[in-house]
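The report below is meant for a reader who is meeting this structure for the first time. It begins with one set of paired strands and then turns to the protein as a whole.

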Amino acid sequence: MKNLKSIILTAVMLLSLFSIRCSNILGIDPKPEVTEREVNFQLVLKDNSGLMNSIYGTDFVRNATVTLKSNFLGEEYTFESDSNGVINVNKVISDVYLVTANRIITPEEMVIASGTAASNVKLTNKNNRIIELNASNNNLIVVEMEMIVGSSPLIISEIYASGPSGSGLYYHDKYVEIFNQTDSVLYLDGLIIAVVYYSGYLGLNFVNDPAYIHSKSIWSFPGNGTDYPIQPGQFILCAQDAIDHRINAPNSVDLSHADFEFYKDDAPDVDNPAIPNMIRIYQDAGNDWLIAGERGALVLAKFSADSLLPYDDHFLIPYTAVLDGVEYLDDPTRLDKKILNQGIDAGATGSIQFYTGKSMERLLISDLGRKILKDENNSSVDFKILTTPSPGRYHQ
Ligand SMILES: [Ca+2]
Ligand SMILES: [Ca+2]
Ligand SMILES: [Ca+2]
């Protein structure tokens with residue numbers, strides 16, 4: 001019996017040694033205990049604008065709402081900061097997190113700050129929008145917040161880029177849709193739609209150019225200031241080709257009633273004479289305005305085309321001119337692949353394959369009188385995937 005026991009013991013020891021060696025040889029860490037994967041953090045919210053200081057005599061932001069969304073596991077947590085601007089985050093799983101911090105400033109607080117009861121003012125975080133929470137980090141993170149007035153007045157409400165199903169490599173039916181989020185008439189004249197080539201933010205750890213969007217495809221709306229109004233709650237459809245694509249691709253969409261059309265006059269492109277053309281500011285390559293099917297980014301910007309800065313073989317648009325920007329990735333959890341600055345879009349929508357007819361549209365927040373679409377400047381939480389595009393309207 002004694003012998004049998006020692007044989008079993010030796011076998012067990014050898015087996016465990018073998019498995020440790022195997023995991024080391026294969027480069028696999030032994031599975032961590034759950035407790036090792038849980039981390040505790042303190043977030044401190046600090047206002048850079050001076051607004052909190054003028055109301056409460058301190059820069060720390062009290063009563064702010066912070067949402068943490070874990071990138072890989074999709075868990076979402078919501079917290080409220082205390083009177084010192086502190087949030088204690090306990091026992092969350094190690095992961096990369098998308099951080100959205102918001103503090104609505106009440107009209108009463110604005111009276112104290114400025115003497116006027118302004119509404120639609122809030123503080124939001126422009127930095128630390130993507131943080132990695134793991135045990136090896138320092139466990140104190142200061143999230144700086146800035147004052148902004150409302151949401152962007154004009155936003156990109158939908159991007160359809162994948163191409164229809166069942167028609168081979170047909171890809172001429174792409175479009176971008178713009179929405180007026182405000183209760184006022186605005187004007188599209190001269191606004192820019194640019195395809196992002198890259199920007200200052202490439203991956204989680206690489207910051208290159210902190211100030212500019214780089215683009216090789218820059219188009220503007222026509223008009224001299226007040227020629228192309230967009231009504232409150234109106235959707236504007238900008239089509240690659242403003243034709244009924246169902247004629248060539250039965251599962252595609254009718255874009256013959258688009259509001260604007262991208263027409264490349266130095267290429268064999270289609271021009272529907274009834275639809276006003278976007279003005280090509282710069283795009284050398286290709287036979288048409290083109291956005292990538294699975295992975296790309298677009299910005300809407302207010303910037304004079306004459307002031308664009310040349311750089312290498314493309315042009316620069318300052319971040320400060322960007323009204324809205326949306327990034328989509330084939331795998332939206334791979335934020336290390338992002339090309340759009342996280343201050344413009346903290347996350348990414350997407351997860352759409354080529355030639356599936358799927359589209360990306362903003363979520364609806366309210367539909368009382370006019371629609372309000374979600375705009376947290378974070379496409380990971382602002383957008384949903386549609387199985388059928390909804391050109392020029394909100395999906396049913
Ligand atoms: Ca075209
Ligand atoms: Ca046209
Ligand atoms: Ca739509």
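## Strand pairing and overall picture

In this predicted model, strand β2, which covers residues 65–70, pairs with strand β3, which covers residues 76–80, in the antiparallel sense and over five bridges. The two strands β2 and β3 form a hairpin in which five residues lie between them, and Gly74, which belongs to the turn, has a positive phi of about 75°. Within this pairing, Thr65 has Glu80 in β3 as its bridge partner.

Strand β2 is also joined to strand β5, made up of residues 95–105, by six bridges, and these two strands run antiparallel. Here Ser70 stands opposite Tyr97 in β5.

| Strands | Residues | Sense | Bridges |
|---|---|---|---|
| β2 and β3 | 65–70 and 76–80 | antiparallel | five bridges |
| β2 and β5 | β5: 95–105 | antiparallel | six bridges |

Turning to the whole protein, there are five helices and 26 strands. Of its 396 residues, 38% count as buried. Among contacts between residues at least 6 apart in sequence, 64% join residues at least 24 apart.

As for the confidence of the prediction, the protein averages a pLDDT of 86, and 86% of the residues score at least 70. Over residues 9–34, however, the pLDDT is below 50, and this stretch has four contacts in the model beyond near neighbours in sequence. Over residues 201–208 the pLDDT is likewise below 50, while this stretch has 13 contacts in the model beyond near neighbours in sequence.

Terms used:
Residues numbered from 1 in each chain as written. Chains lettered and ligands numbered in written order. Predicted model: local features only at pLDDT ≥ 70, side-chain atom pairs only at ≥ 80, totals over all residues. pLDDT = per-residue confidence, 0-100. Contact = placed C-beta atoms within 7 Å. Pairing = 2+ DSSP bridges. Helix = DSSP H or I, 4+ residues; strand = E, 2+ residues; numbered from the N terminus. Buried ≥ 20, exposed ≤ 12 C-beta atoms within 10 Å, placed from the backbone.
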